[in-house]
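This briefing describes the fold and contacts of the structure shown below. Please read it alongside the sequence and the coordinates.

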Amino acid sequence: MLWSKAWRETRWRFLIGFALLMCSAAVTVLGYPRLVELMKVMPNTDTGGELGRQIRESIELARDYRGYVWSQWFLKTMSQQWVLFAALLGAGGLLARSAGSGTLFMLSLPVSRRRIVGIRAATGLVELLALALVPSLLLPLLSPAIGHTYGLGDALIHGSCLFVAGSVFFSLSFLLSTVFHDVWRPWLIVLGGAGVLSLLEQVSPGFSRHGLSRVMGAESYFRGGGLPWLGLIVSAGVSVAALYAATRNIERRDF
Amino acid sequence: MTDPLVIETADLLKSYEGVEAVRGLNLQVPAGSICGFLGRNGAGKTTTIKILLGMVRPTRGIARVLGLPADAPDASLEIRRRTGFVSEEKDLLDTMGVDEILRFTASFSPRWRTDLEKRFLQAFELPADRKVKSLSRGMRTKLALLLALCRGADLLILDEPTSGLDPAMNEEVLKILVGHVAREGITVFFSSHQIAEVDQIADHVAIIHDGRIARAGALDDLRESFRRIQVVFPGDAPETTFRAPGVERTWRKGRVVTVLSSAGAEQIVDEAREMGPTSVDVTPVTLKEIFLESVTGEG
């Protein structure tokens, strides 16, 4: 029953995210032919600096369908929209003082705080995994409709890396929700943090090489190398630590 | 032989960032009693209840419920398995329907009483298909009470169970509560600042003031021990101090001296008679007066 309660609390956030990402996945695939047409008539870009480099890199990646899907979907769309929902799904929980949150009612039941928090976290992570995998799996399914193919394995591997590395945002939002009494502050703080991280990665190539975006996008795998194991392990470690700290916070606090 | 204690606290203290909400609380609630927990706003009633249910950890002291330490996580689980609770805010899960919250609560209650569920659903006229958030304040209170009663609990802890109810609904809820307790023989510990309500259903009372128990015991004993003695003199009342035990307060006005005693009237009457009064009258004291005397010194 705790699972069903956790699902009830987060289902609208999940379903909105799911619908949005499914639409984005469809737009990404179906928009490729139009992009190819545009690239044919587009003049050569000779803008200098970091911006020029990024534009040229995007155009180069878009010449190949696999590169286009990776850069458009996993690097851009998912790193923005998915992170937004990861932070949103992590927010809330036992401490949220919204009307009818039932905190005292829950705490009066013979169930441990650890179990309540654990099931809430597990539900959020399962929803997050679904948000990472299901829309990504739509890519190989829809690609034949525009005369292209995208590997199921690629979709699964990129989706999984996105989930493991990006869970950091969920876990931090979850941890902040054991400090703040509303849903919005944890969400906004994590999004602010994600924005700063993204900015740093864009302005500093050195930072970018070891950045979370690279791990979430599994760039090393895309470029023919192996999976970013170190990054994945570190991200998973941070997530586990944040979730553990959140559980301890809830166990220790007075209501 | 005295009844075993269902709730027992000793020197219980809870402070929040240096502010003491409960300070050295010594409370005893005997098994099978209906104990009213009276106090002004901010006296420490809700904090005490939260400590008993493991929602708040005491800073110091002992709190035992059903013989188990309330601050030990495993024991607290067992306490909550055997205790029904209604919070002051009638805090429930608003996203659920009435039927869903019943099933949800039953899933955590090994001793869930489906017979009571049916009976109270009918008695309270609760619509099973309605969303909890759409219930009126009165209906919400009834649902919260139903959820607590159906858990087959040995102890009910109710924090201001009738707050916000109109007098008719208040009466109805109290009647159902008393009827249930009489049938099931459980213990009820309920906080209130409605003295009439406590007077109506409680057999024990604990008055909390400034985080401490100011007065506690069987209601009949309290009523028996508290007396107002009015002594009328032929001229101005003499400036005198009564030596008898239990003198809580003495007023002097013209020819009349009034004494409030918490240890009967006999010795005070004897003392008064030695002063040559024209009359000595002894009258009983209401719970309201006992309460006011305990929390404001103005009984």
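Which residue in β2(B) does Glu8(B) stand opposite? Glu8(B) faces Gln28(B) across the pairing. The model is predicted, so that local features need pLDDT of at least 70 and side-chain atom pairs count only at pLDDT 80 or more, while totals for chains, interfaces and linings use all residues. Residues are numbered from 1 along each chain as its sequence is written, and chains are lettered from A and ligands numbered from 1 in the order in which they are written.

**Chain B overall**

- Chain B has ten helices and 14 strands; helices (H or I, at least four residues) and strands (E, at least two) are DSSP runs, numbered from the N terminus.
- The C-alpha atoms of chain B occupy a box of roughly 75 × 40 × 40 Å along the principal axes.
- Of the 299 residues in chain B, 40% are buried; a buried residue has 20 or more other C-beta atoms within 10 Å of its own, an exposed one 12 or fewer, and a partly exposed one a count in between, with C-beta atoms placed from the backbone.
- Among contacts in chain B between residues at least 6 apart in sequence, 67% join residues at least 24 apart; a contact requires C-beta atoms, placed from the backbone, within 7 Å.

**The four-stranded sheet of chain B**

- Four strands of chain B form an open sheet in the order β2-β1-β4-β5, with antiparallel pairing; two strands pair if DSSP finds at least two bridges between them.
- The edges are β2 and β5 (68–69) of chain B, each with a single partner strand, so one side of each has no neighbour in the sheet.
- Strands β1 (residues 5–16) and β2 (residues 19–30) of chain B are antiparallel and share nine bridges.
- Leu5(B) has Pro30(B) as its bridge partner in β2(B).
- The hairpin of β1(B) and β2(B) has two residues between the strands, and Glu17(B) takes a positive phi near 45° there.

**The six-stranded sheet of chain B**

- The order of this open sheet is β6-β7-β8-β3-β9-β10 (chain B), and its six strands have mixed pairing.
- At its edges stand β6 (83–86) and β10 of chain B, each with a single partner strand, so one side of each is left without a neighbour in the sheet.
- On average, neighbouring strands of this sheet are turned by 15° against each other, direction ignored; axes are lines fitted to C-alpha atoms, for helices over the stretch in contact, and angles run from 0 to 180 degrees between N-to-C directions.
- Strands β7 (residues 155–159) and β8 (residues 187–192) of chain B run parallel and are joined by five bridges, with Phe190(B) in β8(B) as the bridge partner of Leu158(B).
- Helix α1 (residues 45–52) of chain B packs on the sheet and touches β3 (34–39), β7, β8 and β9 of chain B, its direction making about 145° with that of β7(B).
- Helix α10 (residues 287–295) of chain B lies across β3, β9 and β10 of chain B and runs at about 30° to β9(B).

**Positive phi in loops**

- Most residues other than glycine have a negative phi.
- Leu66(B), not a glycine, has a positive phi of about 55°; Leu66(B) lies in the loop between β4 (60–65) and β5 of chain B and counts as buried, with 22 C-beta neighbours inside 10 Å.
- Asp210(B) has a positive phi near 55°; Asp210(B) is placed in the loop between β9 (204–209) and β10 (212–218) of chain B and counts as partly exposed, with 15 C-beta neighbours inside 10 Å.

**Helix packing in chain A**

- The axes of α6 (residues 113–142) and α7 (residues 152–176) of chain A come within 9 Å and cross at roughly 150°, and the two helices are therefore roughly antiparallel; angles under 35 degrees count as roughly parallel, over 145 as roughly antiparallel, 65 to 115 as roughly perpendicular and the rest as oblique.
- By class, the contact of α6(A) with α7(A) has 15 nonpolar, five polar and no charged residues; Ala, Val, Leu, Ile, Met, Phe, Trp, Tyr, Cys and Pro count as nonpolar, Asp, Glu, Lys and Arg as charged, and the others, Gly among them, as polar.
- The axes of α7(A) and α8 (residues 184–203) of chain A come within 8 Å and cross at roughly 140°, and α7(A) and α8(A) are therefore oblique to each other.

**Contact between the chains**

- Contacts link 20 residues of chain B with 17 residues of chain A.
- Helix α2 (residues 73–81) of chain B gives the largest share of the side of chain B that touches chain A, four residues.
- That side of chain B divides into ten nonpolar, three polar and seven charged residues.

Key: Two residues are in contact if their C-beta atoms, placed from the backbone, lie within 7 Å.
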